[in-house]
Amino acid sequence: MTSASTAQSASADQAGADPTSADGPTTEQAAGAATSGVIPAVVRRRLATVDARLDGHAWLATAVVVVIAAILRFVGLSSPAGKIFDETYYAKDAYGLIDRGVEWNFKDNGPSYVVHPPLGKWLIGLGEWAFGYQDAETNISVPGHLMTTAPEFGWRFAAAVAGTLSVLLLVRIGRRMFRSTTLGCAAGLLLALDGFHLVLSRTALLDIFLLLFVLAAFGALVLDRDARRCRWARALEAGLDPSLPGRAGRPPSTWRDWPWWRLLAGVLLGCACAVKWSGLYFIPAFALLVILWEVGVRRSAGVRHPWRDALLDELPWLLLAGVLMVGTYLATWSGWLLSDDGYYRLPSSRYPNAGLSDSSVIGPLINLWEYHKAAYGFHTQLDDPHKYQSWPWQWLLLGRPVAFYWSGDGGCGAPSCASEILLLGTPLLWWSFLPALAALAWLGLARRDWRAGAILLTVAAGLLPWFWFALDKRTMFSFYTAPALPFLVLAVTYVLGAIASPAPASAPATAAPPGEQDVADRRLVGGIIAGAYVLLVALCFAYFYPIFVGRLMTYADWSARMWLDGRWI
């Protein structure tokens, strides 16, 4: 391989393009090579995965990004005081779960009717259990079991942890997908410096937990993809002939070779659905990814019927992952199932028109089903106008952010003061999403790159269903974008990688190939452009930071940050 072609392959790796995405060997070539125990270079490249050995420098870089994210999310977490926006519901419900096992209305001393599953509130409640809870309306004041802090810290703690962990996950997922520590850290840093993500990480709402579990499930599937490709590579090295029918043409399988990461993804998707039902939208997308990746690895290995074999081999594992997902979801309702006090739980005479059962065997599941029907009816009929509602086509344009907190109290040294927490994405980053998606689609088709397809499919799963619901004029808010956010950041990172490490331009057959200096020059210019973009996002984030955390400022300073004043006020 010439130095120019070597540089081209390395460039494709760093840019997020798959250098092995071109057509692989024929079945006969792969089979002949396999029986001789030697894999052709093209097959080896197509089955290659990121180096999984401990990389101290990569983990050090990861730690720096995560520390930045943690500082931004935990410093001043108790401010502003009191419950802001929907914390008035979720913080109270979380304490009810910790105290009684079900969401409880302490003011009326009865079960609360809630329309979201309990897992996110359980996680919020763990922070309240650890650091204390207080509610002036009901005169509840409970010290923390670990330490007592400002009560706001208790109910916001879990969200800050989830936000920090999601940054960590995105760094490692980006590094594995793009085969570049630099690009992985860039993805994590962009997420850490996003105002939308920061506000959700500092508020006791459910959406940050949904984001975390969806991202973790995707990361598990990426690890599953790598593990399955390594399994095929080892088998081909050992002399496997993939052209043989049945088990003879498949890698040997023991319990160690089971798709454990895929099964974990099923559990994590169950957790996502147990936070909000919108986690359901990612299930078909992720199942399709698994099938496409399994077909791809078989085609790369030289299997004669990759589609047929992939479906026969992998559908049982997908069904098992589905069973684990359902089991996980039901397990999060254990407090309700084991209680006699939950809404719609018992007795049936309390809810005469709900079709409930008092049976001790199947009754709890019947009642849970009726509860879900009632909650689904609530969601489908939610069309009341709201000051901060918005439509899906406005979200990526920051057309209508949500104000979580506002105060016009003095103390800033000026005649008029302002303090606001606005759920607003960092503008420069968010206004890059649509161009990045367009570029991602183009590059993905041109390079036949699995990374581009995976990112686009997951973004579609997170956003497109809401366009359908918009037809019914359902009340929606911009924070519904949350689970798609990390993948939108991955789209931007992919394009930055393509800019920072462009493949050498094609040249006529009679021309000399580009030299190493030409490639280095292009990388230098591309790296400067990508680095300048990340720096500009950081500066934009710093400018808007006061309205992400509710810092007191003069009214003039606050007004200067309302760029789209007709939409952002």
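In the predicted model, three strands form an open sheet in the order β5-β6-β7, with antiparallel pairing. Strands β5 (402–407) and β7 (553–554) stand at the edges, each with a single partner strand, so one side of each is left without a neighbour in the sheet. The pairing of β6 (residues 417–423) with β7 is antiparallel and runs over 2 bridges. In one of these, C417 is bridged to T554 of β7. Helix α21 (residues 516–549) packs on the sheet and touches both β6 and β7. The direction of α21 makes about 95 degrees with that of β6.

D135 has I140 of β4 as its bridge partner. In general, strands of a sheet pair through backbone hydrogen bonds, in either a parallel or an antiparallel sense.

Among the helices, α5 (residues 87–100) packs against α6 (residues 119–131) at an angle of about 75 degrees, and their axes are 8 Å apart. That angle makes α5 roughly perpendicular to α6. The contact is made by Y90, A91, D93, A94, Y95, L97 and I98 on the α5 side. On the α6 side, K121, W122, I124, G125, L126, E128 and W129 take part. Sorted by class, the contact of α5 with α6 has 10 nonpolar, 1 polar and 3 charged residues.

The largest nonpolar core has 148 residues, and within this core F286 and F404 touch the most other members. Helix α10 (residues 207–237) supplies the largest share of this core, 14 residues. When neighbours within four places in sequence are left aside, F404 is in contact with I84, F85, V199, L200, T203, L205, I421 and L423. Nonpolar side chains tend to be buried together in soluble globular proteins.

Several backbone features occur in loops. Most residues other than glycine have a negative phi, and most peptide bonds are trans. The peptide bond from S79 to P80, however, is cis, with omega near 5 degrees. P80 is found in the loop between α4 (56–74) and α5.

R179 is not a glycine but has a positive phi of about 55 degrees. The loop that holds R179 lies between α7 (151–178) and α8 (181–192). With a relative accessible area of 22%, R179 is partly exposed. R448, also a residue other than glycine, has a positive phi, with a value near 50 degrees. R448 lies in the loop between α18 (433–447) and α19 (450–470). The relative accessible area of R448 is 46%, and R448 is therefore classed as partly exposed.

Note on methods:
Residues are numbered from 1 along each chain as its sequence is written. This is a predicted model: local features need pLDDT of at least 70, side-chain atom pairs count only at pLDDT 80 or more; totals for chains, interfaces and linings use all residues. Side-chain values use heavy atoms; hydrogens and water are left out. Axes are lines fitted to C-alpha atoms, for helices over the stretch in contact, and angles run from 0 to 180 degrees between N-to-C directions. Helices (H or I, at least four residues) and strands (E, at least two) are DSSP runs, numbered from the N terminus. Angles under 35 degrees count as roughly parallel, over 145 as roughly antiparallel, 65 to 115 as roughly perpendicular and the rest as oblique. Contact means heavy atoms within 4.5 Å. Ala, Val, Leu, Ile, Met, Phe, Trp, Tyr, Cys and Pro count as nonpolar, Asp, Glu, Lys and Arg as charged, and the others, Gly among them, as polar. A nonpolar core is a set of buried Ala, Val, Leu, Ile, Met, Phe, Trp, Tyr and Cys residues joined through side-chain atoms within 4.5 Å. Buried means under 20% relative accessible area, exposed over 50%, partly exposed in between (1.4 Å probe, protein chains only). Two strands pair if DSSP finds at least two bridges between them.
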